[in-house]
Amino acid sequence: MYFPQNGDFIDIHVHGGTPSSGIFILESLMAHESKIPAAVAGVAFTYGIHPWFLNESNYKQLIISVESLITHPDIIAIGEAGFDRLRGPSPELQRRAFEDQIIISEKIRKPVVVHCVRAWDELLAVHKKLKPEMSWLIHGYRGNVKLATQLISKGMYLSFWFDFVLRPGSGDLLRHLPTDRIFLETDGADVDIKNIYDKVASDLDLSVDELKSIILKNFNRWRIG
Ligand SMILES: [Zn+2]
């Protein structure tokens, strides 16, 4: 099992990342790919059903593989799991699969990485219904301050979409949010997590070291639920 160290850049949502010195990555494994975690320094894993790759015929099998792999010590969270109104199966099937994964998360006491595209009502409805104790981390966030504040008020964390956060005007959103709820990610795109930290640190009037230590604290708090 590997966890981020003091001074590491944390890239909280990655697909197909390669570890390098000073960077901790949280690699997102998708149940339909049937990959299993490999013990590598600088890497921990999430495991879950991405809504794009869910359908009526693989649903049961994917849930079974989440149930069986989630106990793996290198898998520290469920995900990415959630809702996508633009891609994937019916909202009803997406909801069933998401609720099943939340129930697993609560039982095994591991938090969740959420994928949510234009389905915030559905997401909030599941949160209200299941009242999870484990913390949810919304990855790829690019919405407004009002929605961000609402999600944070439910105990959620936000990781910002890299392309959004690198834009000149994005600092305004970040300055309106509590820093103890934020994460940064590359989502496996060809972008350097260090540049994202540089941009956000300057937007928040922090040093990169201060931002690193804030995000490390967020990680340790999120991970234990
Ligand atoms: Zn992803």
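Predicted model: local features only at pLDDT ≥ 70, side-chain atom pairs only at ≥ 80, totals over all residues.
**Exercise 1. The zinc site**

Task: Find which residues are the protein donors of the zinc ion, and work out whether His 15 and Glu 80 are buried or partly exposed.

Solution: 
- Start at the metal: His 13 (NE2), His 15 (NE2) and Glu 80 (OE) are the protein donors, lying 2.1 Å from the zinc ion.
- Next, read their spacing along the sequence, which is H-x1-H-x64-E.
- Now place two of them: His 15 is in the loop between strand S1 (9–14) and strand S2 (23–30), while Glu 80 belongs to strand S4 (residues 75–84), so this pair, 65 residues apart, links distant parts of the chain.
- Finally, apply the cut-off: buried means under 20% relative accessible area. Glu 80, at 2%, is therefore buried, whereas His 15, at 24%, is partly exposed.

**Exercise 2. Around helix H7**

Task: Describe how helix H7 (residues 193–203) starts, what covers its buried residues, and what comes just after it.

Solution: 
- At the start of H7, look for a side-chain oxygen of Asp 192 within 2.9 Å of the backbone nitrogen of Lys 194.
- Then list the buried residues of H7, among them Ile 193, Ile 196, Tyr 197 and Val 200.
- Their cover includes S1, S2, helix H5 (162–165), helix H6 (171–175), strand S8 (182–184) and helix H8 (208–223).
- Just after H7, Asp 205 has a positive phi of about 60 degrees.

**Exercise 3. The nonpolar core**

Task: Determine how many residues the largest nonpolar core has, and explore the contacts of Leu 123.

Solution: 
- The largest nonpolar core has 76 residues, and S4 gives the most to this core, with 6 residues.
- Leu 123 is one of the residues with the most contacts inside the core.
- Beyond its neighbours within four places in sequence, Leu 123 is in contact with residues including Phe 83, Phe 98, Trp 136 and Leu 151.

Definitions and conventions
Residues numbered from 1 in each chain as written. Heavy atoms only, no water. Donors = N, O, S within 2.8 Å, 3.2 Å for Na, K, Ca; no water. Helix = DSSP H or I, 4+ residues; strand = E, 2+ residues; numbered from the N terminus. Buried < 20%, exposed > 50% of the residue type's maximum accessible area, 1.4 Å probe, protein only. Contact = heavy atoms within 4.5 Å. Polar contact = N/O pair within 3.5 Å; in protein donor to acceptor, adjacent residues only side chain to side chain. Core = buried A, V, L, I, M, F, W, Y, C linked by side-chain atoms within 4.5 Å.
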